[in-house]
Amino acid sequence: MAPSLCWSLRAVLILMVTGAHAAMYTNRCRLVHNHTSESKVLSVLEPLTNQNFTAKTKVAEEDYTYVFQVCGDADGMKDAGVVQRGKDGKQVLIGNYTSAQAFRGTDWILLIYQGGEKYHDHCSKESRKAMIMISCDRSKAAGQLTVVLEDRVRETDCFYLFEMDSSAVCPVIESRLSTGSVLLIVCCCCLAVYLISGFLYQRLIVGAKGVEQFPNYGFWTELGNLSADGCDFVCRTRGSREEPPTYRGVSTEPSEEPEERDDHLLPM
Ligand SMILES: *[C@@H]1O[C@H](CO)[C@@H](O)[C@H](O)[C@H]1NC(C)=O
């Protein structure tokens, strides 16, 4: 029982250490430049997938709701990462998650969705584009989406800028356990299981009392004695094991060296 328990504990520890989780929803995004570094950035956003994030703006007579999703159909529109919905319910595509870019800094991720509906008369009639700045906030799984600015009063390179806070983009606090410490923890857990089960066995089934409840008491005391002997043999500089101690040697076999004789005479 104990070995299998230790193996499962080991498996749990390994899972905790590697923290492996498969990216699923973020795989639906198509990157403009198919860099693996960018898809890694996207996989960080996995906890934010499959949710509609909304932001409302009211500028003069215009009243809009923006809907954002990470690699999913925002507001139910196919391939749309950001959608603008008017008061009348008319949807305008701002950016597609099928032409995405993703960049990461120490505590933020910038997500860009291109290929939105073309402007009618602004911005040289180019495609709309959305930029979503996601910043680290450890207190929020996903904060409120807000519109930072809607820049369409220029000739080219217009964009909609959004921001939101999330703990998903926070830098990972490195607390990886080394192989050594994992082994140490596994050893400790095995030892604990051994001691507890052995103790219970000795107490409840064998009916041992006092120090005898310690599992394999006889073996361990014997081992203790043996290792003490070993230590004695290896570490002691004066050969006390071969020759009996001088104070005992007085009566049995008198020592030949004169200085030794002086030594044992001294305390008397
Ligand atoms: C997002 O909103 C659309 C339209 O309201 C809805 O059809 C869809 O189910 C929502 N998706 C999620 C994941 O809530």
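The side chains of Asp137 and Lys140 come together in a salt bridge, with 3.3 Å from N to O; the term stands for a side-chain nitrogen of Lys or Arg within 4 Å of a carboxyl oxygen of Asp or Glu. The model here is a predicted one, so local features need pLDDT of at least 70 and side-chain atom pairs count only at pLDDT 80 or more, while totals for chains, interfaces and linings use all residues. Residues are numbered from 1 along each chain as its sequence is written, and side-chain values use heavy atoms, with hydrogens and water left out.

Lys140 has another partner too: its side chain meets that of Asp165 in a salt bridge at 4.0 Å, N to O. Lys140 sits in the loop between strand 6 (130–136) and strand 7 (146–151), and Asp165 in strand 8 (residues 159–166), so this pair ties together parts that are 25 residues apart in sequence. Strands here (E, at least two residues) and helices (H or I, at least four) are DSSP runs, numbered from the N terminus. Put together, Asp137, Lys140 and Asp165 make up a network of salt bridges.

How open are these spots? Lys140 is partly exposed, at a relative accessible area of 36%, and Asp165 is partly exposed as well, at 27%. On this scale, buried means under 20% relative accessible area, exposed over 50%, and partly exposed in between (1.4 Å probe, protein chains only).

The salt bridges come to five by this rule. One of them joins Asp79 to Lys78, with the closest N and O atoms 3.4 Å apart. Lys78 is exposed, with a relative accessible area of 63%, whereas Asp79 counts as partly exposed at 24%. As a general point, side chains of opposite charge can pair when their charged atoms come close.

Now for helix 2 (residues 36–44), where Glu38, Val41, Leu42 and Val44 are buried. These residues cover an arc of only 150 degrees around the axis, which puts them on the same side of helix 2; the arc is that of the directions from the helix axis to the C-beta atoms. The buried residues pack against strand 4 (91–104) and strand 5 (108–115), with contact meaning heavy atoms within 4.5 Å. On the face turned away from the buried side, helix 2 carries the exposed residues Thr36 and Lys40.

Strand 1 (residues 53–59) holds Thr57, which is buried at a relative accessible area of 16%. Leaving aside residues up to four places away in sequence, Thr57 touches Glu62, Asp63, Tyr64, Tyr66 and Val147.
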